[in-house]
Amino acid sequence: MGHSAAEWEHRAAIEITKDRNGVEQVVLQNQQGASARVSLHGGHVTSWRNKHGEELLFTSSKTISKPPKAMRGGIVICFPQFGNCGLLEQHGFARNKVWAIDDNPEMRQPHDSNGKSFIDLLLKPSENDLRCWPHSFEFRLRVSLATNGDLNLTSRVRNVNGKPFSFSFAYHTYFSVSDISEVRIEGLETLDYLDNLRERKCFTEQGDAITFESEVSRLYLSSPNVVAVLDHEKKRTYVIRKEGLPDVVVWNPWEKKSKSMVDFGDAEYKQMLCVDGAAIEKPTTLKPGEEWTGRLQLSAVPSSFCSEHLDL
């Protein structure tokens with residue numbers, strides 16, 4: 001069968017290389033000079049750069065990036081568990097597994113591929129995974145870079161088991177910021193949230209926007225599908241659009257916790273902020289044959305553009 005022009009275009013815009021540990025990674029590029037890098041270790045997006053070559057994702061200078069240890073930074077796939085709220089390892093096992101390139105993806109929608117460079121990855125459980133979490137699944141991940149530099153991630157989890165199973169999920173996203181004290185989040189006002197620093201008790205957000213002056217670890221519930229992170233010093237706004245992800249995690253470790261983390265610099269909390277599209281508070285349950293989809297679209301735009309054109 002012949003290949004469409006869009007398929008040839010996307011294949012020409014990707015390059016498969018190896019990182020310093022010999023792990024395969026995929027580099028996506030667009031014609032304007034933007035790029036993204038995806039490691040097959042964990043399906044982990046390790047880099048997202050705009051057309052000027054500026055890195056938009058934070059990675060710690062002290063990260064232990066050698067498998068099986070997950071890298072501290074980028075976009076981490078947390079599945080089938082987020083955090084330590086369960087019996088599995090922190091953030092689940094998907095981030096510590098080697099994914100395969102999916103040569104026969106089922107995702108063929110034209111709007112997903114036209115004008116984008118993209119890669120399709122596939123994760124299936126190993127025998128060891130099934131001993132830890134006895135559920136058969138297929139996890140398909142598409143990472144795509146649009147012509148305008150937007151980064152898109154689409155996750156699809158299918159139950160190929162004989163019985164239902166439940167899971168939680170997050171795109172654990174480390175944004176690079178100029179100074180955390182100059183950053184605010186808009187779109188989560190008046191929402192209820194669970195505060196992990198206060199025994200996961202529920203509170204209601206009171207501020208007009210979320211700003212930072214100490215450690216924050218919260219799960220915002222029933223969140224809107226568009227959230228914005230405004231970096232005043234860089235005059236840049238990250239716009240987070242999501243589908244199938246009702247929750248938002250907001251995390252910054254601040255000074256004291258940073259000093260206790262071996263893979264994180266003592267002062268690096270100033271240059272990062274995690275804002276995650278997630279499905280955590282109400283675990284997703286799939287019956288045999290059912291499939292769940294969670295989509296994330298990230299844009300980095302001038303803050304002036306954002307305030308004029310976004311309806312938050």
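1. A word on terms to start: helices (H or I, at least four residues) and strands (E, at least two) are DSSP runs, numbered from the N terminus. This is a predicted model, in which local features need pLDDT of at least 70 and side-chain atom pairs count only at pLDDT 80 or more, while totals for chains, interfaces and linings use all residues. Residues are numbered from 1 along each chain as its sequence is written, and side-chain values use heavy atoms, with hydrogens and water left out.

2. Let me begin with the largest pocket. Strands β10 (165–176), β14 (216–220) and β17 (247–252) each give at least two residues to its lining. A pocket here is an open set of points on a 1 Å grid over the protein atoms alone, where a 1.4 Å probe fits, with protein on both sides within 12 Å along at least five of seven lines; lining residues have an atom within 4 Å of a point. The space in the largest pocket comes to about 620 Å³, a volume being the space filled by probe spheres set on the points, which are joined across faces, edges and corners. Its lining has 26 residues, and Gly-83, Gln-90, His-91, Trp-251 and Lys-257 lie nearest the centre. By class, 12 are nonpolar, 7 polar and 7 charged (Ala, Val, Leu, Ile, Met, Phe, Trp, Tyr, Cys and Pro count as nonpolar, Asp, Glu, Lys and Arg as charged, and the others, Gly among them, as polar).

3. The second largest pocket has a volume of about 410 Å³. It is lined by 20 residues, with Asn-50, Lys-51, Ala-300, Val-301 and Pro-302 closest to the centre. Strand β19 (residues 291–302) provides the largest share of this lining, 4 residues. The classes here are 6 nonpolar, 8 polar and 6 charged.

4. Arg-142, in strand β8 (residues 137–145), deserves a look. Arg-198 has its charged end over the ring of Phe-203, 3.9 Å from the centre.

5. On to the aromatic residues: the structure holds 22 aromatic pairs (rings of Phe, Tyr and Trp, the last by its six-membered ring, with centres within 6.5 Å; planes under 30 degrees apart are stacked, over 60 edge-to-face and the rest tilted). Trp-254 and Tyr-269 have ring centres 5.0 Å apart and planes at 45°, so this pair is tilted. Trp-254 belongs to helix α4 (residues 254–260) and Tyr-269 to the loop between α4 and β18 (272–286), so the pair ties together parts 15 residues apart in sequence. Trp-254 is buried at 18% relative accessible area, and Tyr-269 is buried at 7%.

6. Finally, Ser-47 in strand β4 (residues 44–49) is buried at 9% relative accessibility. The side chains of Ser-47 and Glu-55 make a polar contact of 2.6 Å.

Definitions and conventions:
Buried means under 20% relative accessible area, exposed over 50%, partly exposed in between (1.4 Å probe, protein chains only). A charge sits over a ring if NZ of Lys or CZ of Arg is within 6 Å of the ring centre and within 35 degrees of the ring normal. A polar contact is a pair of N or O atoms within 3.5 Å; within protein, one must be able to donate a hydrogen and the other to accept it, and residues adjacent in sequence count only if both atoms are side-chain atoms.
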